[in-house]
Amino acid sequence: MDEETTVYDELGVPRVVNAAGTKTRIGGSLIRPEAVEAMSRAAESFVRLSDLQVRAGELVSEVTGAEAGYVGSGAAACMTLAAAAAIAGDDLGAMSRLPDTEGVPSEIVMPRTHRNGYDHAFRAAGATIVDVGNNDNYLGTGSNGTEPWELAEAITEETAAVGYMEKAFSAPSLETVVDVAHDHDVPVIVDAAAEVPPRENLSAFVEAGADMVVFSGGKAIRGPQTTGILAGKREYVRSAALQHLDMHVAESVWDPPSELFDKESLAGVPRQGIGRTLKVGKEELVGLIAALEAFVEEDQAALDAEWERRLDVVADELADCEGLSLRREPGGKLMVAPELRVEVHPDAAGVDAVELVGSLRKEDPRIFVGSDELQDDLFAVNPMCLDDEEAAYVAERIRSYL
Ligand SMILES: *Cc1c(COP(=O)(O)O)cnc(C)c1O
């Protein structure tokens with residue numbers, strides 16, 4: 001493995017060998033070199049951030065097929081901006097009162113099975129989540145998690161939007177949910193933070209009729225960790241921009257880009273909005289632009305082959321280990337990358353999955369493997385954030401505990 005001294009070594013902070021995939025808590029992904037270079041150049045001069053947002057928005061619009069685009073400080077931040085846009089629209093008074101939503105519709109209806117920790121980001125804008133559906137999928141009753149009529153029933157005068165978490169297993173289908181929401185004249189916000197690659201997904205949810213879609217800039221797109229993409233209808237992107245941009249401006253000379261909003265149509269300057277806490281710097285904006293441009297040009301087949309090869313290295317090294325069963329899961333619909341699932345049989349292995357995964361994390365460098373299925377004595381090796389040397393190192397360290 002690369003013995004070069006990292007900045008983390010210099011700081012006395014243990015670095016991480018990442019065999020877990022693009023997880024924010026261990027640094028997400030590695031920013032593309034072309035994005036790092038662009039960020040460093042961005043740091044050399046000034047720019048008006050609203051002008052740069054226009055340029056980023058054009059690219060987002062081009063690659064997603066949405067009417068407009070915007071960049072926030074993460075996919076979660078973009079969920080807050082999307083909720084704020086759905087609640088306040090063009091109402092400057094409502095913008096200034098958020099997260100107090102008195103007098104304006106502020107409920108976000110969600111299928112109950114779509115709720116997750118990130119819906120705090122909706123609530124941060126002042127939204128109240130109304131979840132519907134039942135969880136008796138597992139009873140074998142033929143019931144679905146949420147029926148379309150249940151969503152329709154929950155949409156009232158108080159509804160600002162319908163929230164949808166996009167995963168390959170999400171039900172009802174996005175098309176169905178869009179139909180129900182649009183029948184009731186409310187927008188649909190889709191959390192698709194981690195749903196690329198495939199790159200086709202950049203436009204898939206807009207095509208399915210979603211009004212706003214968010215993606216993380218710091219996962220497989222490999223832009224700065226602190227960026228997220230909001231793609232959607234112009235009216236919502238306009239509202240998001242008004243609530244996000246720094247608004248300490250002198251109104252008499254304020255000349256915001258007309259691509260974002262029309263100054264003449266505003267009663268005044270809305271001042272610092274709910275999104276102001278989610279600011280994005282010029283360096284991050286430039287980095288995201290460079291990363292997104294590279295991501296859409298990337299040779300996905302070559303990358304898939306590289307990921308498979310890296311898993312081969314790990315699988316070969318672990319193949320003859322007593323107490324481990326290996327299974328390859330292809331990438332594709334359920335996961336963005338292929339993974340090696342490793343089942344640990346504690347009696348034969350002499351260690352259980354929890355001990356093994358816990359010990360790897362305590363090493364220096366720390367080694368993180370996928371730990372979503374520890375309760376079933378399974379861990380996973382994800383190749384997205386490894387290089388070849390690290391893949392061999394991870395396998396060797398796993399072996400050492402058996
Ligand atoms: C990663 C993730 C987010 C948050 O993305 P950030 O860019 O880190 O803010 C939100 N929702 C889901 C489903 C995610 O996987």
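Guide: UniProt positions are given in the numbering used here, feature names are shortened, and annotations may be inferred rather than shown by experiment. With that said, UniProt has an unreviewed entry that places "domain: Aminotransferase class V" at residues 173–239. Residues are numbered from 1 along each chain as its sequence is written. The model is predicted, with local features needing pLDDT of at least 70 and side-chain atom pairs counting only at pLDDT 80 or more, while totals for chains, interfaces and linings use all residues, and side-chain values use heavy atoms, with hydrogens and water left out.

Visitor: How much helix and strand is there over residues 173–239?

Guide: That stretch is 34% helix and 21% strand, and its end C-alpha atoms are 27 Å apart. Helices (H or I, at least four residues) and strands (E, at least two) are DSSP runs, numbered from the N terminus.

Visitor: OK, ligand time. Which residues surround the ligand?

Guide: The shell is Thr 24, Gly 74, Ala 75, Ala 76, Tyr 118, Asp 191, Ala 193, Ala 194, Ser 216 and Lys 219. A residue counts as near if one of its heavy atoms lies within 4 Å of the molecule. By class, the shell has five nonpolar, three polar and two charged residues. Here Ala, Val, Leu, Ile, Met, Phe, Trp, Tyr, Cys and Pro count as nonpolar, Asp, Glu, Lys and Arg as charged, and the others, Gly among them, as polar.

Visitor: And what does Asp 191 do with the ligand nitrogen?

Guide: A polar side-chain atom of Asp 191 sits 2.7 Å from a nitrogen atom of the ligand. For ligand oxygen, a polar backbone atom of Ala 76 is 2.9 Å from one such atom, and a polar side-chain atom of Thr 24 is 3.4 Å from an oxygen atom. The ligand taken alone exposes 390 Å², and the protein buries 87% of that. Those areas come from the Shrake-Rupley method with a 1.4 Å probe.

Visitor: Switching topic: how many cavities of 30 Å³ or more turn up?

Guide: One, from a search of the whole structure. The largest cavity has a volume of about 50 Å³, and its lining includes Lys 23, Arg 25, Arg 361 and Asp 372. Sorted by class, that lining has three nonpolar, two polar and four charged residues.

Visitor: What counts as a cavity or a pocket?

Guide: On a 1 Å grid over the protein atoms alone, a cavity is a set of points where a 1.4 Å probe fits but cannot get out. A pocket is an open set with protein on both sides within 12 Å along at least five of seven lines, and lining residues have an atom within 4 Å of a point. Grid points are joined across faces, edges and corners, and a volume is the space filled by probe spheres set on the points.

Visitor: So what's the volume of the second largest pocket?

Guide: About 990 Å³. It has 35 lining residues, and the closest to its centre are Val 16, Ser 29, Leu 30, Cys 385 and Glu 390. The largest share of the lining, five residues, comes from α12.

Visitor: Last one: where is Glu 329?

Guide: In strand β9 (residues 324–329). Its side chain makes polar contacts with the side chains of Arg 327 at 2.7 Å and Arg 341 at 3.0 Å. A polar contact is a pair of N or O atoms within 3.5 Å; within protein, one must be able to donate a hydrogen and the other to accept it, and residues adjacent in sequence count only if both atoms are side-chain atoms.
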